[in-house]
Amino acid sequence: MTSIPARRITAPDVAARKGGETPLVMVTAYDAPSARTVDAAGADLILVGDSVAMVVLGFDDTLQVTTDDMAHHVGAVARTKPRALVVADLPWLSYHVSDAETVHNAARLVRAGAGAVKLEGGRKRIDSVRAILDAEIPVMGHIGLTPQSIHALGGFKVQGKELDAAKSLADDACALAEAGVFAIVLECVPDAVARVITESVTVPTIGIGAGRHCDGQVLVWHDLLGFAGPDHRAPKFVRAYASLEAAATESIEQFCADVRAGTYPASAETYHMTDRMADALGLYGGVAEPELAQ
Ligand code: KIV
């Protein structure tokens with residue numbers, strides 16, 4: 001198993017890994033069991049992503065979750081006391097209205113247990129980034145395919161394929177880094193774009209569908225473990241390391257079969273009282289069960 005640092009990882013620790021030999025690893029988690037698996041595996045960061053809306057709550061997009069929903073999931077993750085840095089997604093509309101509301105919502109996620117927050121967007125969101133940083137909360141940026149903008153983007157599509165769009169993404173990344181974010185997620189951009197951005201900014205880039213030139217990589221827990229639903233068409237960047245959904249279904253099928261065959265529970269899985277007590281109760285003493293039930 002990967003060696004895990006002795007103390008909790010902080011946002012400055014992550015920022016200090018820029019250009020390091022060992023890429024950063026971030027995995028999403030949304031509850032205590034998923035957080036425990038990610039932390040025990042030695043990931044550096046746990047992202048409580050607003051992808052919870054899609055992979056856990058069954059919505060078609062990430063726009064359906066609120067700050068209250070996110071705080072609920074952040075709390076479950078944080079209560080496992082992971083060594084990994086817990087980063088919480090600010091959901092759609094929690095940082096688009098006013099700086100005061102933005103800071104209030106970011107603080108709510110920190111009080112729920114996050115060590116940093118992530119928001120989507122580049123130059124457009126610099127005021128929000130500054131406001132949150134002013135409240136001493138570390139911020140992670142997220143550009144490229146920003147799922148909270150799917151209606152504006154026209155769907156889940158690779159971004160930055162044209163020269164102007166690529167340059168605009170690079171400008172966004174530089175603006176975020178200058179504003180003081182400690183890392184930037186690059187989602188679904190060509191690897192050449194991710195490479196230019198990674199070489200242009202002073203903070204680590206963490207890629208998802210952005211090729212191998214980033215300072216780190218992130219995947220969604222359910223994609224990584226093959227738990228994304230039978231109809232899910234995984235994007236090409238997803239590597240599933242297990243088929244947990246199939247394994248879980250098989251296990252539950254076996255439980256159904258055992259119950260129906262009367263082989264569960266076995267004696268060893270049953271609480272017993274002494275024979276004397278059972279006799280006194282009438283179970284083994286000749287009192288018929290139907291009488292006992294009356
Ligand atoms: O919500 C999420 O899971 C994310 C990752 C895809 C980076 O933002």
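A polar contact here is a pair of N or O atoms within 3.5 Å; within protein, one of the two must be able to donate a hydrogen and the other to accept it, and residues adjacent in sequence count only if both atoms are side-chain atoms. This is a predicted model, where local features need pLDDT of at least 70, side-chain atom pairs count only at pLDDT 80 or more, and totals for chains, interfaces and linings use all residues. Residues are numbered from 1 along each chain as its sequence is written, and side-chain values use heavy atoms, with hydrogens and water left out.

View 1. Ser51 puts a side-chain N or O atom 2.5 Å from a ligand oxygen. For Lys118, a polar side-chain atom sits 2.9 Å from an oxygen of the ligand, and for Asp89 the side-chain N or O to ligand oxygen distance is 3.0 Å. On its own the ligand exposes 260 Å², and the protein buries 95% of that (Shrake-Rupley areas, 1.4 Å probe). Residues around the ligand (a heavy atom within 4 Å) also include Thr28, Asp50, His142 and Glu187.

**View 2. His142 and its polar partners.** His142 belongs to strand β5 (strands are DSSP runs of E, at least two residues, and helices runs of H or I, at least four, numbered from the N terminus). Its side chain makes a polar contact of 2.7 Å with that of Lys118 and another of 2.8 Å with that of Glu187. His142 is buried, at 4% relative accessible area (buried is under 20%, exposed over 50%, partly exposed in between; 1.4 Å probe, protein chains only). Leaving aside residues up to four places away in sequence, His142 touches Leu119, Pro147 and Leu176, among others (contact: heavy atoms within 4.5 Å).

View 3. Eight strands close into a barrel in the order β1-β2-β3-β4-β5-β6-β7-β8, with parallel pairing (a pair needs at least two DSSP bridges). Neighbouring strands are turned by 25 degrees against each other on average, direction ignored. Three bridges link β3 (residues 85-89) and β4 (residues 116-118), and Ala88 stands opposite Val117 in β4. Helix α9 (residues 191-200) packs on the sheet, touching β5, β6 and β7, and its direction makes about 170 degrees with that of β6 (axes are lines fitted to C-alpha atoms, for helices over the stretch in contact; angles run from 0 to 180 degrees between N-to-C directions).

**View 4. Around Asp223.** Asp223 lies in helix α10 (residues 221-224) and is buried, at 11% relative accessible area. Val238 is 15 residues from Asp223 in sequence, yet their C-alpha atoms are 6.5 Å apart.
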